[in-house]
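Student: Hi! Could you walk me through this one before I set anything up? I'd like to ask things as they come to mind.

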Amino acid sequence: MVNLTKEEKKQAVIDLCLRDTSASDIAAKYRVDRVSLYSWKRELLNKKDVQPMPKRKKMPSVELLQEKVRDLNEQAEKLRKEVYKLQLEKDVLEKASEIIKKEQGVTLKTLTNREKAIVIDTLRNKYSLKELLSVFQMAKGSYFYQAKVRNAPDKYKEIRTLITKFFKELKETYGYRRIYLDLKVLCYNKVVTGVANKI
């Protein structure tokens, strides 16, 4: 090992800081070891002023990155499904409140099967029947029964027209009891009462 003057040590440290080669090459140029170079650097620049070089982070392996990508894709797919489900529920509630105007508001649990079937029919062009049935918690058979009933001809059509006719002829003042007496020949009391209450 060679004893260097203060100026030579200073120049060695400057070369070390501005190097474009390895520290070993600089040490070989001044015929000293690398440890000496770094100790001179600490002495000249004061230990407080010198910040250690940040350690390089290990690059993750390709397999690890691919696994992360798969996880992120799975999470994105779950989020897409959840957003779709929430959009479906929102559309169902909006259509239900629009079509079935109830005073208390609309909840899916309080709707009758008939009302559910009406809402499902309006949303069938946007969502599948299976999705809509699952939102309403309605059996497929119940839905098709309601569709069949809605499309069936009204068996009380004749009675309804008679009740309406009598009601208008009697200046819209008589109730179902008085109308029943007029229709007693044609049908039963329960039928007239039920039909009259719906008119």
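Student: How many helices and strands does the chain have?
Tutor: There are 10 helices and zero strands. Keep in mind that this is a predicted model. Reading from the N terminus, the order of elements is α-α-α-α-α-α-α-α-α-α.

Student: OK, predicted. What pLDDT does the chain average?
Tutor: The average pLDDT is 79, and 79% of the residues score at least 70.

Student: Which element has the lowest mean pLDDT, and which the highest?
Tutor: The lowest mean belongs to helix α10, residues 189–198, at 58. Helix α4 has the highest, at 89. Where pLDDT is low, the predicted coordinates should not be read in detail.

Student: Good to know. What share of the residues counts as buried?
Tutor: Out of 199 residues, 24% count as buried. On the contact side, take pairs of residues at least 6 apart in sequence: 45% of those contacts join residues at least 24 apart.

Student: Let's talk packing. At what angle do α5 and α7 pack?
Tutor: Helix α5 (residues 113–123) and helix α7 (residues 140–151) pack at about 90°, and their axes are 9 Å apart. That angle makes α5 roughly perpendicular to α7.

Student: Which residues meet there?
Tutor: On the α5 side you have N113, R114, A117, I118, I120 and D121. They meet S142, Y143, Q146 and R150 of α7. By type, the contact divides into four nonpolar, three polar and three charged residues.

Student: Let me pick Q146 out of that list. Is Q146 buried or exposed?
Tutor: Q146 is buried, since its relative accessible area is 12% and the cut-off for buried is under 20%.

Student: And what is Q146 in contact with, beyond its neighbours within four places in sequence?
Tutor: Its partners are N113, R114, A117 and M138.

Student: Switching topic: backbone. What is the phi of R31 like?
Tutor: R31 has a positive phi, about 55°, although it is not a glycine. You'll find R31 in the loop between α2 (23–29) and α3 (34–45). R31 is exposed, with a relative accessible area of 60%.

Student: And Q137, where is that one?
Tutor: Q137 sits in the loop between α6 (129–136) and α7. Q137 has a positive phi of about 55°, and it is not a glycine. With a relative accessible area of 70%, Q137 is exposed.

Student: Now electrostatics. How many salt bridges does the structure hold?
Tutor: Five. Side chains of opposite charge can pair when their charged atoms come close. One of the salt bridges joins the side chains of K29 and D15, at 3.4 Å from N to O. K29 lies in helix α2 and D15 in helix α1 (residues 6–17), so this pair ties together parts that are 14 residues apart in sequence.

Student: What about R80 and E77, how do they meet?
Tutor: Their side chains form a salt bridge at 2.6 Å, N to O. R80 and E77 are three residues apart in helix α4 (residues 62–99), so they are separated by about one helical turn. R80 is exposed, with a relative accessible area of 51%. E77 counts as partly exposed because its relative accessibility is 35%.

Student: R80 at 51% and still called exposed? Why?
Tutor: Exposed means over 50%, so R80 at 51% qualifies.

Student: Great, and remind me how α4 scores for confidence? What is its mean pLDDT?
Tutor: It is 89, the highest among the elements of the chain.

How values were computed: Residues are numbered from 1 along each chain as its sequence is written. This is a predicted model: local features need pLDDT of at least 70, side-chain atom pairs count only at pLDDT 80 or more; totals for chains, interfaces and linings use all residues. Side-chain values use heavy atoms; hydrogens and water are left out. Axes are lines fitted to C-alpha atoms, for helices over the stretch in contact, and angles run from 0 to 180 degrees between N-to-C directions. Helices (H or I, at least four residues) and strands (E, at least two) are DSSP runs, numbered from the N terminus. Angles under 35 degrees count as roughly parallel, over 145 as roughly antiparallel, 65 to 115 as roughly perpendicular and the rest as oblique. Contact means heavy atoms within 4.5 Å. Ala, Val, Leu, Ile, Met, Phe, Trp, Tyr, Cys and Pro count as nonpolar, Asp, Glu, Lys and Arg as charged, and the others, Gly among them, as polar. Buried means under 20% relative accessible area, exposed over 50%, partly exposed in between (1.4 Å probe, protein chains only). A salt bridge is a side-chain nitrogen of Lys or Arg within 4 Å of a carboxyl oxygen of Asp or Glu. pLDDT is the predictor's confidence in each residue, from 0 to 100.
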